[in-house]
Amino acid sequence: MTRSARIMIVEDDRCIGESVRDRLESIGYDAILMTDGYSALATMTLEHQRSPVDLVLLDLRLPGMDGMVVLRELRKIYPEVPIIMMSPTAEPEDAIQAINAGAGDFLPKPIDPRMLEEKCRKMLQ
């Protein structure tokens, strides 16, 4: 039996995070929600061997450790794991900065469920 792709959502707005998680689980993914960058990095480090994360959805604006810092750390440790940055601003500079730092794609908020599914499917191929 093949396992479902495991997607980590890093989103400090619990309402948004839970709706993204629920949407991804409804289409068959195994989704986990982290509310800050520190937890995301710790979980990746502690669980990656036993239960690897296949894709990270990462909010650009996080309390404490900014999403760009988390992105750079993840790129150093797990260069093979695809990352989609999410941002409440549709600023082209944010998308360019994220892609240049190693994100594979960019998802503006509010999140369109069909676009979420499409980008996740594409990044997991």
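1. Strand β1 and strand β2 (residues 30-34) pair in the parallel sense over five bridges, where pairing requires that DSSP finds at least two bridges between two strands. Within this pairing, the bridge partner of Ile9 in β2 is Leu33. The chain passes from β1 to β2 through helix α1 (residues 14-26), and this β-α-β crossover is right-handed, in the sense that, with the strands pointing away from the viewer, the path from the first strand over the helix to the second runs clockwise. Helices (H or I, at least four residues) and strands (E, at least two) are DSSP runs, numbered from the N terminus.

2. The model is a predicted one, in which local features need pLDDT of at least 70 and side-chain atom pairs count only at pLDDT 80 or more, while totals for chains, interfaces and linings use all residues. Residues are numbered from 1 along each chain as its sequence is written, and side-chain values use heavy atoms, with hydrogens and water left out.

3. β1 also pairs with strand β3 (residues 55-59), again in the parallel sense, over four bridges, and here the bridge partner of Met8 is Val56. Strand β1 itself (residues 6-10) is mostly covered, since five of its five residues are buried, where buried means under 20% relative accessible area, exposed over 50% and partly exposed in between (1.4 Å probe, protein chains only). In a regular strand the side chains alternate between the two faces of the sheet. In β1, Arg6, Met8 and Val10 point one way, whereas Ile7 and Ile9 point the other way.

4. Which residues touch the most other members of the largest nonpolar core? They are Met8, Val10, Val56, Leu58, Leu71, Leu74 and Met85, in a core of 26 residues; such a core is a set of buried Ala, Val, Leu, Ile, Met, Phe, Trp, Tyr and Cys residues joined through side-chain atoms within 4.5 Å. At least two residues of this core are supplied by each of β1, β2, α2 (37-47), β3, α3 (67-77), β4 (83-87) and α4 (92-100), and α3 gives the most, with four residues. Not counting residues up to four places away in sequence, Val56 touches Met8, Val10, Leu74, Val81, Pro82, Ile83 and Ile84, with contact taken as heavy atoms within 4.5 Å.

5. Lys109, found in the loop between β5 (105-108) and α5 (113-124), deserves a separate look. At 15% relative accessibility, Lys109 counts as buried. A polar contact of 2.6 Å joins its side chain to that of Glu11; the term covers a pair of N or O atoms within 3.5 Å, and within protein one must be able to donate a hydrogen and the other to accept it, while residues adjacent in sequence count only if both atoms are side-chain atoms. Beyond residues up to four places away in sequence, Lys109 touches Glu11, Ile16, Asp59, Met86, Ser87 and Pro88.

6. The structure accordingly holds zero disulfides. Cys15 counts as exposed at 62% relative accessibility, whereas Cys120 is buried, with a relative accessible area of 0%.

How values were computed:
A disulfide is a pair of cysteine sulfur atoms within 2.5 Å.
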